[in-house]
Amino acid sequence: MEAKANAKAKVKKMKPLQELVRPNIWSLSPYTSARDEYKGHEAKVFLDANENPYNDPVNRYPDPLQRDLKARICAIKGVPEDTIFFGNGSDEAIDLMFRIFCRPGVDNAVAIEPTYGMYGVCADINDVEYRRVLLNDNFQPSADKLLAAIDSNTKLVFFCSPNNPSGNNIDRGVIDKVLDSFDGIVIVDEAYIDFAGVPSYLQQLSERPNLVVLQTFSKAWGMAGIRLGMAFAQPEIIGIMNKVKYPYNINLLTQQRAMEEVMQHARVKGWVESILKERARLMKEFAALDCCIKVYPSDANFFLARVKDAAATYNYLVGQGIIVRNRSKVALCGNSLRVTIGTVPENNALLDALKKYR
C-alpha cells in the first residue's frame with residue numbers, strides 16, 4: 001500500500017488547460033455555422049445558409065458535429081459522445097494538436113523515432129520544433145530519454161502504438177510513465193489497435209486529463225478512401241478542437257458511408273481475424289525466403305522485414321506489378337521493406353514472385 005501511495009504521489013498533475021493552449025486559440029471566437037444556430041428545434045424549411053434548394057441531399061451543408069455518427073461510435077467504443085472528435089483522416093487531428101497547443105517558433109513536441117511521418121510534417125508546417133528520441137534495436141523507447149528531451153516549452157508527446165513502420169506495440173510502462181510525469185498533452189496514436197491484442201488507451205481516458213487517443217476508419221474498418229479519423233479526449237479538449245476545425249470538415253457523403261459501415265460493424269471482426277491469420281502465415285513464409293535476413297515481430301496489419309538489398313528487391317517487385325514500401329531511409333530501418341497484409345491471392349503473388357527472385 002505504501003509503494004502504491006508513493007507511486008501516486010509522484011504523478012505530475014497536468015497544467016491547467018488554459019496554460020497549455022495558445023492564448024489566441026483560447027480566446028478565439030469560432031465561426032458559427034447556420035446549422036448550429038437552431039439546434040434543439042425541429043426544422044423543415046431551410047432558408048438560412050444560402051444553399052441551392054435543388055439536388056437533395058447533397059445541396060445541404062452536413063452536420064458540423066456529426067452527431068448521429070458520434071451517437072453510434074460512442075456505443076461501440078464505450079466512451080461518452082462529448083469525448084469524440086471526427087477529422088478528415090487522423091492527420092487533421094494531428095495538425096490540430098500543433099495548431100491548438102504549440103506557439104510557432106517557441107514551443108516543441110517530442111516523439112519516438114522512427115514513427116509515423118506526419119507528426120514531423122505537421123510540426124514543420126506549424127513552425128514547431130520536433131524532437132526525435134531514437135528507439136532501441138527492438139524498436140522500444142526509453143521513458144527516461146523521452147522525459148530528458150522535454151523542457152518547459154514542450155507541449156506534446158507522440159506515441160504510435162502499434163508503431164509505424166516497426167509494427168510493434170510500444171511498452172505500456174513507458175507510455176504510462178510519460179503520462180504520469182509530463183504535465184502537457186500525450187497523444188497515443190492507435191491506428192492499428194484492432195490488430196494489436198492489447199487493450200486500447202480509451203479505457204484510461206476518464207482517468208487521464210492529458211491523454212488524447214487517435215484511431216481511424218482506414219485500417220480495420222477498411223475505409224481509407226473516405227478519410228475519416230477519430231480523436232478521443234476530455235470534453236474540454238474536444239471542445240477546443242471543434243472550435244478550431246473548419247466548420248464542415250466531414251462531408252455528407254463521408255458521414256453517410258461511415259454510418260452504413262457502423263451499422264454492420266460486426267463484420268470488422270471477421271476482417272481482422274482473416275488479416276491476423278494471414279499475417280502469421282505470410283511472416284513465416286517471408287522469413288524463409290532467400291532474400292530475407294529478418295522479419296520483425298508485428299502487432300499491426302503489416303510487418304517490417306530486413307532484406308539483403310531493399311532497393312533491388314523493391315524495384316524487382318515493382319516490375320512484377322507488386323508494391324511494398326521501401327523504408328531503408330528511415331532511422332533503424334536500413335535495407336528494410338514494410339509489407340501490408342493483403343488477401344490470400346495477393347500474399348501468394350508476393351511470395352511466388354520473391355521465390356523466383358535472385
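Strand β9 (residues 302–307) and strand β11 run antiparallel, joined by five bridges. Pairing here requires that DSSP finds at least two bridges between two strands. Strands (E, at least two residues) and helices (H or I, at least four) are DSSP runs, numbered from the N terminus. Within this pair, F303 stands opposite V339 of β11. The model is a predicted one: local features need pLDDT of at least 70, side-chain atom pairs count only at pLDDT 80 or more, and totals for chains, interfaces and linings use all residues. Residues are numbered from 1 along each chain as its sequence is written, and side-chain values use heavy atoms, with hydrogens and water left out.

β11 has another partner. Strand β10 (residues 325–326) pairs with β11 in the antiparallel sense, over two bridges. There R325 has R338 of β11 as its bridge partner. How much of β11 (residues 336–340) is buried? Four of its five residues are, so the strand is largely enclosed by the rest of the structure. Buried means under 20% relative accessible area; exposed means over 50%, and partly exposed lies in between (1.4 Å probe, protein chains only).

Now to the seven-stranded sheet. This sheet is open, with mixed pairing and the order β1-β7-β6-β5-β4-β2-β3. Its edges are β1 (84–87) and β3 (129–134). Each edge strand has a single partner, so one side of each is left without a neighbour in the sheet. On average, neighbouring strands are turned by 25° against each other, direction ignored. Axes are lines fitted to C-alpha atoms, for helices over the stretch in contact, and angles run from 0 to 180 degrees between N-to-C directions.

β5 (residues 185–189) and β6 (residues 211–216) run parallel, joined by four bridges. D189 stands opposite L214 in β6. With β7, β6 pairs in the antiparallel sense over four bridges. V213 stands opposite F232 in β7. In a regular strand the side chains alternate between the two faces of the sheet. Both faces of β6 are covered: L211, V213 and Q215 are buried on one side, and V212, L214 and T216 on the other. Six of the six residues are buried, so β6 is largely enclosed by the rest of the structure.

Helices lie across these strands. Helix α5 (residues 67–77) lies across β1, β6 and β7 (229–232), at about 120° to β1. Helix α6 (residues 89–101) lies across β1, β2 (108–113), β4 (154–160), β5, β6 and β7. It runs at about 160° to β4.

Next comes a helix pair. α13 (residues 310–319) and α14 (residues 344–355) pack at an angle of about 120°, their axes 11 Å apart. The two are therefore oblique to each other. Angles under 35 degrees count as roughly parallel, over 145 as roughly antiparallel, 65 to 115 as roughly perpendicular, and the rest as oblique. T313, Y316 and L317 in α13 meet L350, A353 and L354 in α14, where contact means heavy atoms within 4.5 Å.

Last, the cysteines. The structure holds zero disulfides, a disulfide being a pair of cysteine sulfur atoms within 2.5 Å. For C102, the nearest cysteine sulfur is that of C122, 11 Å away. C102 counts as buried, at 1% relative accessibility. For C333, the nearest cysteine sulfur is that of C160, 13 Å away. C333 is buried too, with a relative accessible area of 0%.
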